[in-house]
Amino acid sequence: MPELPEVETIKETLRELVLHKQIQSVSVFWAKIIKHPIEAEQFTDALVGQTILDIKRRGKFLVFYTEIYSLVSHLRMEGRYNLFRSSDPIDKHTHVIFHFTDGTELRYRDVRKFGTMHLFRKGSEFEIPPLSLLGPEPLDDQFDMKEFATKLASTRRSIKSTLLDQTVVVGLGNIYVDESLFKANIHPERIAQSLSIQEVQRLYEQIVETLSEAVKKGGSTVRSYVNSQGKIGMFQFEHNVYGRKGQDCKICGTPLIKTVVGGRGTVYCPSCQN
């Protein structure tokens, strides 16, 4: 699943591709992707004549803004947006097409069909799920160290499971939780409330640093991820633990271990992380 750096990169490439394009019509081939309004026809009818004025990110969600509406899109595991000419052949996994008046099309492709789209009146998108459920943005000023420490101190879940909780802090998934915990020298199975204030401070700093660096490098290409211009991310070449099961730790040389924490595959260094 694309995490914060990947979604941020997709947002920026989409802004280059589709800002100020007017929607002539919308085709929906897999109605279950549309979660709000319930009827896909309402979704398509509402967007006719609307212009894409801005695209933002909230956590792992993309938010497309038109004159009247906010389209909240979650890519889940395999969702992908790309711009095509209307004459280009349509892939069988393309489930939503935004047809623009200039003859181009923004196509949403999703092999697993797990992605979601919600259409709200602009201004209400943050008052209604899914966005109303989200915690603070880790790269914004709203990510407060003291509040973060309070949340960790209140739970007996593992620190990894806690960081994956999007109500605690948004945008972190398997890749960047593992990487942040490694850099902070914290074992992923540690109980969150067992962390000292010094450890919480170190973790807070490493979350910000890791995500910031990943954004600069366009995210991590793992499996099928590319941005909306077809380019891969480069941060996977910086991974210390994720995807490196059995390889030597870059810091101490100890072989990395893979286990399961909260149902998620987790790689860590048994020497550096305690």
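Predicted model: local features only at pLDDT ≥ 70, side-chain atom pairs only at ≥ 80, totals over all residues.
As a bit of background, most peptide bonds are trans, and most residues other than glycine have a negative phi.

Take the peptide bonds to begin with. The bond that runs from His 36 to Pro 37 is cis, and its omega is near -5 degrees. To find Pro 37 in the structure, go to the loop that links β2 (34-36) with α2 (40-47). A cis bond also turns up between two prolines: going from Pro 129 to Pro 130, omega is near 15 degrees.

Now for the phi angles. His 20 is not a glycine, yet its phi is positive, near 75 degrees. This histidine belongs to the loop between α1 (4-18) and β1 (23-28). Is His 20 buried or exposed? Its relative accessible area is 61%, so His 20 counts as exposed, the cut-off for that label being over 50%.

Asn 185 has a positive phi too, at about 60 degrees, and again the residue is not a glycine. Look for Asn 185 in the loop that joins α5 (174-183) to α6 (197-216). Here the relative accessibility is 30%, so Asn 185 is classed as partly exposed; that label covers values between the buried limit of under 20% and the exposed limit of over 50%.

Conventions:
Residues numbered from 1 in each chain as written. Heavy atoms only, no water. Helix = DSSP H or I, 4+ residues; strand = E, 2+ residues; numbered from the N terminus. Buried < 20%, exposed > 50% of the residue type's maximum accessible area, 1.4 Å probe, protein only.
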